[in-house]
Amino acid sequence: MTIPQSPAPPAGQQTGLLPSFAHHFPNERPRMLFVHAHPDDESIATGATMAGYAAAGADVVLLTCTRGEMGEVIPAQLQHLQARQPGSVDDGEALADLRIAELGEAIAALGISRQVFLGEADAAAPALGPKRYRDSGMVWGESGRAEAGEHIDPRSLVAAALDETATHAAQLIGSFRPHAIITYDADGGYGHPDHIRAHEITHAAVDSAPGGWKVPWVYSIHSDWEGATPAGHRTMVRINGELERKHAAMQAHQTQIVIDDGQFALSNQIWQPLRGEEVFLLEDSSGVLAQSSAAAALGNDGGTPAKPKPPLWKGIAGAIVASLGATIFGTSLHGQILNFPSFAVPWGAVAALLLVFSLVVFVGVWARNVWMSVLTGLLTYVLVGLISTGSKLIVVGVASGAATNAVPPIVMAGMIWIYGITAATIAGTIICVRALKKARRS
C-alpha cells in the first residue's frame, strides 16, 4: 500500500484517506489519529488500514478510550476474569491488565507509531489532570446489536461529562496535529455505548482543539452490521491494507476474538470474514484548505513562519537593479589586467563575471523564481552590448594590421567579459535551480 498522492479525484470519489496529500502538505509526513473505545477495536475495524499507512511512512497514532474492563471473555480458562461473573473478584481490573498486554502485542504487529489512553500522557488536558475511564459495558440485544447494560459504573466512559473527555482528546489533537482522524459512525458501528461516545468525543474534540488546528480530513468507519447507519451521500473510501498484520494483531486479542480459517467471531459467536479491505466515510474535509495554506506559510520545521515569496513585480525589479549593478561595476572592472613579461592575466574580466554569476544566483533564490535568474543575466548582456556599441570601454574586436600577430590583452579582456556573461548566466541559473529544489525537499 502506498500513501495516495495523486491529484484530487472528481467529487464523490477518493483514492485514499489522504487524497492529494503531497499537493496540500508538501514536505510533511502524514499524521493519522485513530480513535477507538477498547483494546481489540482498532485491530478489528481498522487494523489493515493502520498497518498499511504505517508501512507506507505515515505517523499513525491510536487513542484508546478505555481498557476494556467490562469485556466478555471467550476462552473458558480465562472467564474468571470477566467482571460480574461467578468467580470474579476484582470487577475487571485483572482483565484490563491482560487486555492492555494484548493491545501492546497488537500495536507491535500493526507497526504503528504509538498508542495512548484517553486521560493519560499527551491525551490528558493539563487543566484537568490525568483521568482513567472504564469500559461502560454492554449486552447483546435481540437484534444482534450491542446495547447499554442495566448498571453503568460512574467511573465509566459514558458516565463522564462529554466536555471533560473531549477536552482530553482535544489536547492530543492539538499537540499531534493529525491530518486525518478516523473513528466510529454516530451509531457506534454495532451499537456499543462506548463506540457511540467515542464518536461524540472525537467530533467535539475536533471542534475545540487548542492551537487552532483544524483537522483536514475526518472519517467514520463504515459498518456492515445489520442496522448500521447507511452511507447516504457521504464519500466512501475503500482501503486495501495489510491483511497479514491485521490478522496478527487480531490474534493478539485472545480474550475477545476467535480466528479460524479466514473468519473471526466475537463473544456473540457470529462468524465474519477477515478482510484486508476496510471502508470509511468522509465526514468533513473543510480543514484541508485552511491547514494546507497554513503549512505553506510555515518553515521546514513545521512551526516557524517562512518569509513570504516576493511578488512577481519585486522579482523583476530586483533583476533590473542587479543587472544595472553588474553592468556598471563589471564594465568598470573588466579592463583591469595584470601584466607579466611573457603573458597577461585579465583578472578584472574574471572578477566581473563572478559578480554576474553571484547576482544571477542571488536574485533567483531571493525571488524563489528561476526565471528571475535568467532575466538578470539577459538584461546584463543587453546593457553591456548597448554600452559596447558606443563606448571604448569594451573592445570586442581583434586589432587589425600586419604588425599585429596576437590579440592584445585589453581586447581579450573585452571578449571574456561580454561573451562570458552568457556562460555566467547559465551556470548561475543551474545553481539557482538546484538551490530551489533543495529548499523544497527540506
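Two strands are said to pair here if DSSP finds at least two bridges between them, while the strands themselves (E, at least two residues) and the helices (H or I, at least four residues) are DSSP runs numbered from the N terminus. In general, the strands of a sheet pair through backbone hydrogen bonds, either parallel or antiparallel.

The open sheet that holds this pair has 3 strands in the order β9-β10-β11, with antiparallel pairing. Because β9 (258-260) and β11 (271-273) stand at the edges with a single partner strand each, one side of each is left without a neighbour in the sheet. From one strand to the next, the twist averages 30°; angles run from 0 to 180 degrees between N-to-C directions, and axes are lines fitted to C-alpha atoms, for helices over the stretch in contact.

## The model and the chain as a whole

This is a predicted model, in which local features need pLDDT of at least 70 and side-chain atom pairs count only at pLDDT 80 or more, whereas totals for chains, interfaces and linings use all residues. Residues are numbered from 1 along each chain as its sequence is written, and side-chain values use heavy atoms, with hydrogens and water left out.

The protein chain has 11 helices and 14 strands. Of its 442 residues, 47% count as buried, where buried means under 20% relative accessible area, exposed means over 50%, and partly exposed lies in between (1.4 Å probe, protein chains only). The accessible surface of the protein chain comes to about 20900 Å², and 60% of this belongs to carbon and sulfur atoms; such areas come from the Shrake-Rupley method with a 1.4 Å probe, and for residues only the protein chains shown count as cover. Among the contacts in the protein chain with a separation of 6 or more, 75% are made by residues 24 or more positions apart, a contact being heavy atoms within 4.5 Å.

## The sheet of seven strands

A second open sheet has 7 strands in the order β3-β2-β1-β6-β7-β12-β8, and its pairing is mixed. At the edges stand β3 (114-117) and β8 (236-240), each with a single partner strand, so one side of each is left without a neighbour in the sheet. Neighbouring strands of this sheet are turned by 25° against each other on average, direction ignored.

Within this sheet, strand β1 (residues 31-36) runs parallel to strand β2 (residues 59-64), and 6 bridges join the two. R31 stands opposite D59 in β2, and H36 stands opposite T64 in β2. In β1, 6 of its 6 residues are buried: R31, L33 and V35 point one way from the strand, while M32, F34 and H36 point the other way.

Leaving aside neighbours within four places in sequence, M236 is in contact with H222, A231, V279, F280 and L281.

## Helices on the sheet and against each other

Helix α4 (residues 162-176) lies across β1, β2, β3 and β6 (180-184), running at about 165° to β1. Helix α3 also packs on the sheet, where it touches β2 and β3, and its direction makes about 155° with that of β3.

Helix α3 (residues 93-110) packs with helix α2 (residues 41-55) as well, at an angle of about 35° and with their axes 9 Å apart. The residues that meet are E42, S43, G47, M50, A51 and A54 in α2 and L103, A106 and L110 in α3. By class, this contact has 6 nonpolar, 2 polar and 1 charged residues, where Ala, Val, Leu, Ile, Met, Phe, Trp, Tyr, Cys and Pro count as nonpolar, Asp, Glu, Lys and Arg as charged, and the others, Gly among them, as polar.

## Two helix residues

L98 is found in helix α3 and counts as partly exposed at 22% relative accessibility. Apart from neighbours within four places in sequence, L98 is in contact with L78, L81 and T255; the C-alpha atoms of L98 and L81 are separated by 9.2 Å, and the two residues are 17 residues apart along the chain.

T429 has its place in helix α11 (residues 409-441) and is buried, with a relative accessible area of 14%. Leaving aside neighbours within four places in sequence, T429 is in contact with V360, V370, S373 and V374, and the side chain of T429 reaches the backbone oxygen of T425 at 2.7 Å.

Note on methods: A polar contact is a pair of N or O atoms within 3.5 Å; within protein, one must be able to donate a hydrogen and the other to accept it, and residues adjacent in sequence count only if both atoms are side-chain atoms.
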